[in-house]
Amino acid sequence: MKKKSTILFLPALCLLLFAVSAQAQKALTVDIYGPGQRLVNMTMLPPRSLREGAPVPAAAQEFESLVRNNFSYIPFLKDIPMSSLLGGNPSKGVKGSQVDFKPLQLAKVDLVMTTGWDGSNLEVRVFETFSGRMVVGKAYGQVAGNAAIIRVADRFSSVLLQELCGKKGFFESPIAFVKQLGKSKEIYTVLPQGRDLTRITKLGGFNLSPTWSPNGDKLVFTHIGATKHSLGVWNSATGKVGLTNKGLGQSVISPVFLDQKRVAVTLNKTGHSDIYLLDEGFKPIRTLVKSSYIDVSPSFDRTGTQMAFTSGRAGNPHVYVLNLKTGKLQRVTINGRYNTHPCLSPDGKYIAYTHLTSEGHRIFLHDMRTGRETQLSFGPGNDEYPAFGPDGYFIAFASDRSGEYKLYLTTRHGDTPKILQTGAGAAFAPAWDTSLQR
(Lines give C-alpha, C1' and ligand atoms only; values in the text may rest on other atoms or scores of the structure.)
Protein backbone atom coordinates (compact mmCIF):
# COMPACT_ATOMS: atom_id res chain seq x y z
CA MET A 1 0.00 0.00 0.00
CA LYS A 2 1.46 3.33 -1.04
CA LYS A 3 1.20 6.15 1.44
CA LYS A 4 2.09 9.80 1.41
CA SER A 5 1.51 12.12 4.31
CA THR A 6 1.68 15.68 5.47
CA ILE A 7 1.51 16.31 9.19
CA LEU A 8 1.48 19.74 10.72
CA PHE A 9 2.72 19.47 14.28
CA LEU A 10 1.42 21.53 17.17
CA PRO A 11 4.10 23.64 18.85
CA ALA A 12 3.87 22.08 22.30
CA LEU A 13 4.26 18.38 22.97
CA CYS A 14 1.47 16.83 25.08
CA LEU A 15 -0.49 20.12 24.88
CA LEU A 16 -3.46 20.84 22.67
CA LEU A 17 -4.43 24.41 21.91
CA PHE A 18 -8.08 25.33 21.73
CA ALA A 19 -10.14 28.50 21.76
CA VAL A 20 -12.82 28.79 24.43
CA SER A 21 -15.20 31.05 22.51
CA ALA A 22 -15.74 32.38 19.04
CA GLN A 23 -15.62 35.91 20.39
CA ALA A 24 -12.37 35.63 22.34
CA GLN A 25 -10.58 33.19 20.03
CA LYS A 26 -8.02 32.81 22.79
CA ALA A 27 -6.03 29.60 22.76
CA LEU A 28 -6.37 27.36 25.81
CA THR A 29 -3.61 24.90 26.69
CA VAL A 30 -4.90 21.51 27.80
CA ASP A 31 -2.59 18.96 29.39
CA ILE A 32 -4.45 15.69 28.87
CA TYR A 33 -1.97 13.85 31.10
CA GLY A 34 -2.45 16.18 34.03
CA PRO A 35 -5.38 16.43 36.43
CA GLY A 36 -8.68 17.99 35.42
CA GLN A 37 -8.82 16.79 31.83
CA ARG A 38 -11.00 18.84 29.52
CA LEU A 39 -13.28 17.09 27.05
CA VAL A 40 -12.35 17.75 23.44
CA ASN A 41 -15.45 17.88 21.22
CA MET A 42 -14.98 16.44 17.74
CA THR A 43 -17.30 16.15 14.73
CA MET A 44 -16.78 13.87 11.73
CA LEU A 45 -18.26 15.31 8.53
CA PRO A 46 -19.73 12.93 5.91
CA PRO A 47 -17.20 11.52 3.44
CA ARG A 48 -16.99 13.15 0.01
CA SER A 49 -15.83 12.11 -3.43
CA LEU A 50 -12.78 13.98 -4.71
CA ARG A 51 -13.79 13.26 -8.28
CA GLU A 52 -16.77 15.22 -9.56
CA GLY A 53 -19.75 13.00 -10.24
CA ALA A 54 -18.10 9.89 -8.83
CA PRO A 55 -19.80 8.02 -5.97
CA VAL A 56 -18.29 7.72 -2.51
CA PRO A 57 -16.97 4.12 -2.19
CA ALA A 58 -18.49 1.72 0.32
CA ALA A 59 -15.12 1.70 2.11
CA ALA A 60 -15.82 5.26 3.31
CA GLN A 61 -18.48 4.22 5.79
CA GLU A 62 -16.38 1.34 7.09
CA PHE A 63 -13.40 3.65 7.59
CA GLU A 64 -15.51 6.20 9.47
CA SER A 65 -17.04 3.49 11.65
CA LEU A 66 -13.61 2.12 12.56
CA VAL A 67 -12.19 5.55 13.41
CA ARG A 68 -15.28 6.42 15.45
CA ASN A 69 -14.91 3.18 17.41
CA ASN A 70 -11.20 3.86 17.99
CA PHE A 71 -11.95 7.30 19.34
CA SER A 72 -14.60 5.88 21.68
CA TYR A 73 -11.67 4.49 23.71
CA ILE A 74 -10.24 8.00 24.23
CA PRO A 75 -11.93 9.46 27.32
CA PHE A 76 -11.07 13.05 26.50
CA LEU A 77 -12.56 12.88 22.98
CA LYS A 78 -16.34 13.41 22.73
CA ASP A 79 -18.10 12.61 19.48
CA ILE A 80 -20.49 15.43 18.49
CA PRO A 81 -22.90 14.25 15.76
CA MET A 82 -23.28 16.49 12.73
CA SER A 83 -27.04 16.47 13.31
CA SER A 84 -26.48 18.82 16.26
CA LEU A 85 -25.08 21.53 13.98
CA LEU A 86 -27.27 24.37 12.77
CA GLY A 87 -27.83 24.15 9.02
CA GLY A 88 -26.50 20.62 8.57
CA ASN A 89 -23.21 19.88 6.82
CA PRO A 90 -21.08 23.06 7.01
CA SER A 91 -18.66 22.01 4.26
CA LYS A 92 -18.50 22.11 0.47
CA GLY A 93 -15.34 20.05 0.32
CA VAL A 94 -12.56 18.55 2.39
CA LYS A 95 -10.13 21.49 2.60
CA GLY A 96 -10.15 24.11 5.32
CA SER A 97 -11.16 26.81 2.83
CA GLN A 98 -14.24 24.74 2.01
CA VAL A 99 -15.48 24.40 5.61
CA ASP A 100 -17.69 26.97 7.34
CA PHE A 101 -16.37 26.83 10.89
CA LYS A 102 -18.99 29.15 12.40
CA PRO A 103 -21.70 26.47 13.00
CA LEU A 104 -19.02 24.25 14.55
CA GLN A 105 -17.90 27.07 16.82
CA LEU A 106 -21.49 27.75 17.93
CA ALA A 107 -21.87 24.05 18.78
CA LYS A 108 -18.62 24.26 20.81
CA VAL A 109 -16.91 21.74 18.56
CA ASP A 110 -13.12 21.86 18.96
CA LEU A 111 -12.05 19.57 16.11
CA VAL A 112 -13.64 18.65 12.79
CA MET A 113 -12.59 15.79 10.52
CA THR A 114 -13.10 15.64 6.75
CA THR A 115 -12.52 12.67 4.47
CA GLY A 116 -12.25 12.66 0.70
CA TRP A 117 -12.12 9.64 -1.61
CA ASP A 118 -10.84 9.24 -5.16
CA GLY A 119 -11.54 5.61 -5.87
CA SER A 120 -9.38 3.76 -3.35
CA ASN A 121 -7.30 6.84 -2.53
CA LEU A 122 -8.14 8.60 0.73
CA GLU A 123 -7.43 12.04 2.16
CA VAL A 124 -8.16 12.74 5.85
CA ARG A 125 -7.86 16.12 7.56
CA VAL A 126 -8.56 17.35 11.07
CA PHE A 127 -8.95 21.08 11.74
CA GLU A 128 -9.20 23.27 14.82
CA THR A 129 -12.55 24.99 14.42
CA PHE A 130 -11.71 28.31 16.11
CA SER A 131 -8.40 28.92 14.35
CA GLY A 132 -9.02 26.97 11.16
CA ARG A 133 -5.58 25.40 11.48
CA MET A 134 -5.08 21.90 10.13
CA VAL A 135 -3.96 19.66 12.99
CA VAL A 136 -3.43 16.54 10.87
CA GLY A 137 -3.46 15.94 7.14
CA LYS A 138 -2.94 12.42 5.82
CA ALA A 139 -3.22 10.83 2.38
CA TYR A 140 -3.36 7.08 1.77
CA GLY A 141 -3.32 5.16 -1.48
CA GLN A 142 -4.93 1.84 -2.40
CA VAL A 143 -7.30 1.69 0.58
CA ALA A 144 -9.24 -1.30 -0.71
CA GLY A 145 -10.28 -4.43 1.11
CA ASN A 146 -11.17 -4.93 4.75
CA ALA A 147 -7.60 -5.47 5.97
CA ALA A 148 -6.33 -2.25 4.33
CA ILE A 149 -9.24 -0.19 5.67
CA ILE A 150 -8.63 -1.45 9.21
CA ARG A 151 -4.89 -0.81 8.96
CA VAL A 152 -5.36 2.74 7.70
CA ALA A 153 -8.05 3.53 10.29
CA ASP A 154 -5.76 2.38 13.10
CA ARG A 155 -2.75 4.26 11.74
CA PHE A 156 -4.69 7.48 11.27
CA SER A 157 -6.18 7.19 14.77
CA SER A 158 -2.67 6.75 16.20
CA VAL A 159 -1.39 9.79 14.30
CA LEU A 160 -4.18 12.02 15.59
CA LEU A 161 -3.71 10.80 19.15
CA GLN A 162 0.01 11.53 18.87
CA GLU A 163 -0.78 15.07 17.75
CA LEU A 164 -3.06 15.57 20.73
CA CYS A 165 -0.75 14.20 23.41
CA GLY A 166 2.68 13.60 21.93
CA LYS A 167 2.42 9.80 22.19
CA LYS A 168 1.59 7.16 19.62
CA GLY A 169 -1.79 5.55 20.03
CA PHE A 170 -2.30 2.04 21.29
CA PHE A 171 -4.56 0.96 18.42
CA GLU A 172 -1.96 -1.32 16.82
CA SER A 173 -0.48 -2.63 20.09
CA PRO A 174 -1.70 -6.17 20.94
CA ILE A 175 -2.47 -7.35 24.45
CA ALA A 176 -1.46 -10.85 25.54
CA PHE A 177 -3.65 -12.49 28.16
CA VAL A 178 -4.70 -15.78 29.74
CA LYS A 179 -7.96 -17.36 28.61
CA GLN A 180 -9.84 -20.11 30.41
CA LEU A 181 -10.63 -23.07 28.13
CA GLY A 182 -12.41 -25.73 30.17
CA LYS A 183 -9.92 -26.96 32.74
CA SER A 184 -6.88 -25.49 30.98
CA LYS A 185 -5.60 -21.95 30.59
CA GLU A 186 -4.02 -20.83 27.33
CA ILE A 187 -2.29 -17.67 26.07
CA TYR A 188 -4.06 -15.43 23.53
CA THR A 189 -3.44 -12.03 22.00
CA VAL A 190 -5.95 -9.40 20.91
CA LEU A 191 -5.94 -5.78 19.81
CA PRO A 192 -7.46 -3.30 22.28
CA GLN A 193 -10.48 -2.84 19.99
CA GLY A 194 -11.26 -6.55 20.31
CA ARG A 195 -9.98 -7.48 16.83
CA ASP A 196 -7.49 -10.15 15.72
CA LEU A 197 -8.11 -12.53 18.61
CA THR A 198 -5.30 -15.10 18.23
CA ARG A 199 -4.54 -18.24 20.17
CA ILE A 200 -0.83 -18.54 20.96
CA THR A 201 -0.55 -21.77 22.99
CA LYS A 202 -2.14 -25.20 22.70
CA LEU A 203 -0.22 -26.86 25.51
CA GLY A 204 -2.92 -27.84 27.96
CA GLY A 205 -2.32 -27.41 31.67
CA PHE A 206 -1.97 -23.86 32.97
CA ASN A 207 -0.18 -21.24 30.88
CA LEU A 208 0.12 -18.05 32.91
CA SER A 209 1.72 -14.60 33.21
CA PRO A 210 2.55 -13.73 29.58
CA THR A 211 4.88 -10.78 28.98
CA TRP A 212 6.34 -9.30 25.78
CA SER A 213 9.94 -8.76 24.81
CA PRO A 214 10.93 -5.08 24.36
CA ASN A 215 10.62 -5.20 20.58
CA GLY A 216 7.46 -7.32 20.64
CA ASP A 217 8.87 -10.35 18.83
CA LYS A 218 8.53 -12.83 21.72
CA LEU A 219 6.34 -13.76 24.64
CA VAL A 220 7.51 -15.56 27.78
CA PHE A 221 5.12 -17.23 30.19
CA THR A 222 4.81 -19.87 32.90
CA HIS A 223 3.68 -23.34 31.86
CA ILE A 224 2.42 -25.59 34.65
CA GLY A 225 2.23 -29.16 33.47
CA ALA A 226 1.27 -32.35 35.24
CA THR A 227 4.62 -32.74 37.06
CA LYS A 228 6.57 -29.48 36.86
CA HIS A 229 6.79 -25.84 35.88
CA SER A 230 8.50 -24.73 32.67
CA LEU A 231 9.38 -21.45 31.05
CA GLY A 232 7.40 -21.00 27.83
CA VAL A 233 8.68 -18.91 24.92
CA TRP A 234 6.63 -17.94 21.85
CA ASN A 235 8.39 -16.57 18.76
CA SER A 236 6.18 -14.28 16.64
CA ALA A 237 8.31 -14.78 13.51
CA THR A 238 7.89 -18.56 13.47
CA GLY A 239 4.71 -18.91 15.52
CA LYS A 240 6.41 -21.70 17.47
CA VAL A 241 6.22 -22.26 21.22
CA GLY A 242 9.08 -23.79 23.17
CA LEU A 243 9.39 -24.99 26.76
CA THR A 244 12.49 -25.17 28.91
CA ASN A 245 13.15 -26.21 32.49
CA LYS A 246 16.89 -26.82 32.44
CA GLY A 247 18.44 -25.45 35.61
CA LEU A 248 15.23 -23.70 36.67
CA GLY A 249 13.97 -26.10 39.32
CA GLN A 250 10.38 -27.04 40.07
CA SER A 251 8.95 -23.52 40.35
CA VAL A 252 8.90 -21.00 37.48
CA ILE A 253 6.76 -17.94 38.28
CA SER A 254 5.98 -14.64 36.53
CA PRO A 255 8.77 -14.33 33.93
CA VAL A 256 9.40 -10.91 32.36
CA PHE A 257 11.99 -9.52 29.96
CA LEU A 258 14.57 -7.19 31.49
CA ASP A 259 15.88 -6.38 28.01
CA GLN A 260 15.74 -8.03 24.60
CA LYS A 261 17.96 -10.94 25.68
CA ARG A 262 17.56 -11.44 29.43
CA VAL A 263 14.58 -12.54 31.50
CA ALA A 264 13.81 -12.09 35.20
CA VAL A 265 11.76 -14.83 36.85
CA THR A 266 10.96 -16.18 40.30
CA LEU A 267 12.57 -19.58 40.95
CA ASN A 268 12.68 -21.78 44.01
CA LYS A 269 16.20 -23.16 43.94
CA THR A 270 17.16 -22.83 47.62
CA GLY A 271 13.93 -23.58 49.48
CA HIS A 272 12.37 -20.12 49.04
CA SER A 273 11.24 -18.04 46.08
CA ASP A 274 13.77 -15.51 44.78
CA ILE A 275 13.90 -13.44 41.61
CA TYR A 276 16.66 -14.60 39.23
CA LEU A 277 18.12 -13.17 36.06
CA LEU A 278 18.35 -15.57 33.12
CA ASP A 279 20.73 -15.21 30.20
CA GLU A 280 19.85 -15.39 26.50
CA GLY A 281 19.69 -19.18 26.74
CA PHE A 282 17.31 -18.92 29.73
CA LYS A 283 19.88 -20.17 32.22
CA PRO A 284 20.18 -18.52 35.67
CA ILE A 285 22.98 -15.96 35.91
CA ARG A 286 22.41 -14.50 39.37
CA THR A 287 19.74 -13.46 41.82
CA LEU A 288 18.26 -9.99 41.52
CA VAL A 289 16.31 -10.21 44.78
CA LYS A 290 16.96 -12.73 47.54
CA SER A 291 15.28 -13.08 50.92
CA SER A 292 13.76 -15.71 53.19
CA TYR A 293 10.33 -14.61 52.00
CA ILE A 294 8.44 -14.95 48.72
CA ASP A 295 9.54 -12.42 46.06
CA VAL A 296 7.50 -12.48 42.83
CA SER A 297 6.02 -10.49 39.94
CA PRO A 298 8.97 -8.43 38.67
CA SER A 299 8.20 -5.48 36.40
CA PHE A 300 10.66 -3.11 34.69
CA ASP A 301 10.58 0.39 33.31
CA ARG A 302 11.69 0.95 29.72
CA THR A 303 15.32 1.63 30.72
CA GLY A 304 15.60 -1.57 32.74
CA THR A 305 17.06 0.29 35.71
CA GLN A 306 14.05 0.00 38.02
CA MET A 307 12.35 -3.23 39.03
CA ALA A 308 9.06 -3.32 40.92
CA PHE A 309 8.09 -6.59 42.58
CA THR A 310 5.91 -8.12 45.30
CA SER A 311 7.49 -9.39 48.51
CA GLY A 312 6.23 -10.88 51.75
CA ARG A 313 9.22 -9.60 53.74
CA ALA A 314 7.00 -7.18 55.72
CA GLY A 315 4.76 -10.03 56.85
CA ASN A 316 2.20 -9.45 54.11
CA PRO A 317 2.45 -8.95 50.35
CA HIS A 318 3.66 -5.44 49.53
CA VAL A 319 5.16 -3.69 46.51
CA TYR A 320 8.86 -2.76 46.45
CA VAL A 321 11.15 -1.11 43.91
CA LEU A 322 14.80 -2.03 43.40
CA ASN A 323 17.19 0.31 41.61
CA LEU A 324 19.38 -2.10 39.68
CA LYS A 325 22.19 0.45 39.31
CA THR A 326 22.51 1.52 42.93
CA GLY A 327 21.03 -1.52 44.67
CA LYS A 328 18.70 0.75 46.65
CA LEU A 329 15.52 -1.04 47.78
CA GLN A 330 12.40 1.02 48.45
CA ARG A 331 9.11 -0.14 49.93
CA VAL A 332 6.29 1.41 47.91
CA THR A 333 3.02 0.31 49.52
CA ILE A 334 2.36 0.95 53.18
CA ASN A 335 -1.41 0.80 53.56
CA GLY A 336 -3.37 -2.43 53.63
CA ARG A 337 -2.31 -6.02 54.06
CA TYR A 338 -2.38 -7.26 50.46
CA ASN A 339 -0.74 -5.39 47.57
CA THR A 340 0.29 -7.41 44.51
CA HIS A 341 0.75 -7.49 40.70
CA PRO A 342 2.81 -4.29 40.33
CA CYS A 343 3.32 -2.85 36.86
CA LEU A 344 5.80 -0.02 36.26
CA SER A 345 4.82 2.54 33.65
CA PRO A 346 7.25 2.59 30.70
CA ASP A 347 8.69 5.93 31.88
CA GLY A 348 9.09 4.62 35.45
CA LYS A 349 7.01 7.42 36.97
CA TYR A 350 4.07 5.31 38.15
CA ILE A 351 3.28 1.87 39.53
CA ALA A 352 -0.16 0.36 39.05
CA TYR A 353 -0.94 -2.50 41.42
CA THR A 354 -3.72 -4.58 42.96
CA HIS A 355 -4.80 -3.50 46.46
CA LEU A 356 -7.19 -5.48 48.63
CA THR A 357 -9.91 -3.27 50.13
CA SER A 358 -12.87 -4.13 52.34
CA GLU A 359 -14.98 -4.31 49.16
CA GLY A 360 -12.62 -6.48 47.12
CA HIS A 361 -9.50 -6.08 45.01
CA ARG A 362 -9.05 -2.70 43.34
CA ILE A 363 -6.48 -1.11 41.02
CA PHE A 364 -4.39 1.62 42.65
CA LEU A 365 -1.75 3.95 41.23
CA HIS A 366 1.42 5.07 43.05
CA ASP A 367 3.20 8.22 41.89
CA MET A 368 6.93 7.54 42.31
CA ARG A 369 7.76 11.24 42.47
CA THR A 370 5.23 12.37 45.06
CA GLY A 371 4.27 9.12 46.78
CA ARG A 372 0.62 9.92 46.15
CA GLU A 373 -1.77 6.95 46.01
CA THR A 374 -4.85 7.06 43.75
CA GLN A 375 -7.63 4.48 43.47
CA LEU A 376 -8.35 3.85 39.79
CA SER A 377 -11.06 1.18 39.84
CA PHE A 378 -14.15 0.79 42.01
CA GLY A 379 -15.65 -2.58 41.14
CA PRO A 380 -18.09 -4.16 41.61
CA GLY A 381 -16.43 -7.51 42.09
CA ASN A 382 -12.65 -7.71 41.97
CA ASP A 383 -10.25 -5.72 39.77
CA GLU A 384 -6.76 -7.19 39.34
CA TYR A 385 -3.66 -7.54 37.10
CA PRO A 386 -3.06 -3.95 35.91
CA ALA A 387 -0.89 -3.49 32.80
CA PHE A 388 0.29 -0.18 31.36
CA GLY A 389 -0.16 0.48 27.66
CA PRO A 390 2.67 1.67 25.41
CA ASP A 391 1.94 5.35 26.11
CA GLY A 392 1.85 4.99 29.90
CA TYR A 393 -1.61 6.54 29.86
CA PHE A 394 -3.96 3.62 29.29
CA ILE A 395 -4.14 0.67 31.68
CA ALA A 396 -5.63 -2.76 31.02
CA PHE A 397 -6.85 -4.88 33.90
CA ALA A 398 -9.00 -7.94 34.64
CA SER A 399 -12.29 -7.79 36.53
CA ASP A 400 -15.08 -10.20 37.43
CA ARG A 401 -17.63 -7.36 37.76
CA SER A 402 -19.80 -9.12 35.17
CA GLY A 403 -19.63 -12.45 37.04
CA GLU A 404 -16.70 -13.76 34.97
CA TYR A 405 -13.23 -12.30 34.61
CA LYS A 406 -12.93 -10.11 31.52
CA LEU A 407 -10.44 -7.49 30.38
CA TYR A 408 -11.12 -3.77 30.71
CA LEU A 409 -9.35 -0.57 29.71
CA THR A 410 -9.07 2.56 31.82
CA THR A 411 -6.55 5.39 32.16
CA ARG A 412 -4.17 6.43 34.87
CA HIS A 413 -6.80 9.01 35.83
CA GLY A 414 -9.33 6.24 36.53
CA ASP A 415 -11.69 7.00 33.64
CA THR A 416 -14.77 4.80 33.16
CA PRO A 417 -13.55 1.30 32.21
CA LYS A 418 -14.37 -0.01 28.75
CA ILE A 419 -14.63 -3.77 28.23
CA LEU A 420 -12.27 -5.44 25.79
CA GLN A 421 -13.93 -8.14 23.70
CA THR A 422 -12.12 -11.48 24.08
CA GLY A 423 -14.89 -13.96 23.25
CA ALA A 424 -16.28 -16.71 25.46
CA GLY A 425 -14.38 -17.79 28.55
CA ALA A 426 -12.73 -15.99 31.43
CA ALA A 427 -9.85 -13.65 30.57
CA PHE A 428 -7.23 -12.28 32.92
CA ALA A 429 -3.53 -11.31 33.36
CA PRO A 430 -3.24 -8.83 30.46
CA ALA A 431 0.20 -7.76 29.21
CA TRP A 432 0.54 -4.95 26.68
CA ASP A 433 3.06 -4.91 23.84
CA THR A 434 4.82 -1.55 24.34
CA SER A 435 7.25 -1.84 21.42
CA LEU A 436 5.51 0.78 19.24
CA GLN A 437 6.56 3.52 21.68
CA ARG A 438 10.25 2.71 21.42
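## Asn339 in strand S25

Asn339 is placed in strand S25, and in this predicted model Asn339 counts as buried because its relative accessible area is 0%, where buried means under 20%. Leaving out residues up to four places away in sequence, Asn339 touches Thr310, Pro317, His318, Val319, Thr333, Tyr353, Thr354 and His355. Between Asn339 and Phe364 there are 9.3 Å from C-alpha to C-alpha, with a separation of 25 residues in sequence.

His341 also has its place in strand S25, and the phi of His341 is near 50°, a positive value in a residue other than glycine. With a relative accessible area of 21%, His341 is partly exposed.

## Confidence and domains

The protein chain has a mean pLDDT of 90, and 91% of its residues reach 70 or more. Over residues 1-30, however, pLDDT stays under 50, and for these residues the model has 75 contacts beyond four places in sequence.

The chain is divided into domain 1, covering 40-165, and domain 2, covering 175-432. The centres of domain 1 and domain 2, taken over C-alpha atoms, are separated by 38 Å, while ten residues of domain 1 are in contact with eleven residues of domain 2.

## Asp154 and helix H3

Asp154 belongs to helix H3, which runs over residues 146-165. With a relative accessible area of 4%, Asp154 is buried, and its contacts, not counting residues up to four places away in sequence, are Asn70, Phe171, Glu172, Leu191, Gln193 and Arg195.

## Ile175 and strand S10

Ile175 lies in strand S10, which spans residues 175-181, and Ile175 is buried, with a relative accessible area of 0%. In sequence Ile175 and Trp432 are 257 residues apart, yet in space their C-alpha atoms are 4.5 Å apart.

Once neighbours within four places in sequence are left aside, the residues in contact with Ile175 include Tyr188, Thr189, Val190, Pro192 and Trp212. Also among the contacts of Ile175 are Ala396, Leu407, Leu409, Leu420, Pro430, Ala431 and Trp432.

## The largest pocket

The largest pocket has a volume of about 1,000 Å³ and is lined by 44 residues, of which Thr211, Val256, Pro298, Ser299 and Pro342 lie nearest its centre. The residues of this lining divide into 28 nonpolar, eleven polar and five charged.

Several strands each supply at least two residues of the lining, and these are strand S13 (206-212), strand S17 (252-257), strand S21 (295-300), strand S25 (339-344), strand S29 (383-388) and strand S33 (427-432).

## Backbone geometry

Most residues other than glycine have a negative phi, and most peptide bonds are trans. Ala429, which has its place in strand S33, has a phi near 55°, a positive value in a residue other than glycine. Ala429 counts as buried because its relative accessibility is 11%, and buried means under 20%.

A cis peptide bond joins Gly379 and Pro380, with omega at about 5°. Pro380 lies in the loop between strand S28, which covers 373-375, and S29.

Key
Residues are numbered from 1 along each chain as its sequence is written. This is a predicted model: local features need pLDDT of at least 70, side-chain atom pairs count only at pLDDT 80 or more; totals for chains, interfaces and linings use all residues. Side-chain values use heavy atoms; hydrogens and water are left out. pLDDT is the predictor's confidence in each residue, from 0 to 100. Contact means heavy atoms within 4.5 Å. Helices (H or I, at least four residues) and strands (E, at least two) are DSSP runs, numbered from the N terminus. Buried means under 20% relative accessible area, exposed over 50%, partly exposed in between (1.4 Å probe, protein chains only). On a 1 Å grid over the protein atoms alone, a cavity is a set of points where a 1.4 Å probe fits but cannot get out, and a pocket is an open set with protein on both sides within 12 Å along at least five of seven lines; lining residues have an atom within 4 Å of a point. Grid points are joined across faces, edges and corners, and a volume is the space filled by probe spheres set on the points. Ala, Val, Leu, Ile, Met, Phe, Trp, Tyr, Cys and Pro count as nonpolar, Asp, Glu, Lys and Arg as charged, and the others, Gly among them, as polar. Domain bounds come from an automatic or database domain assignment.
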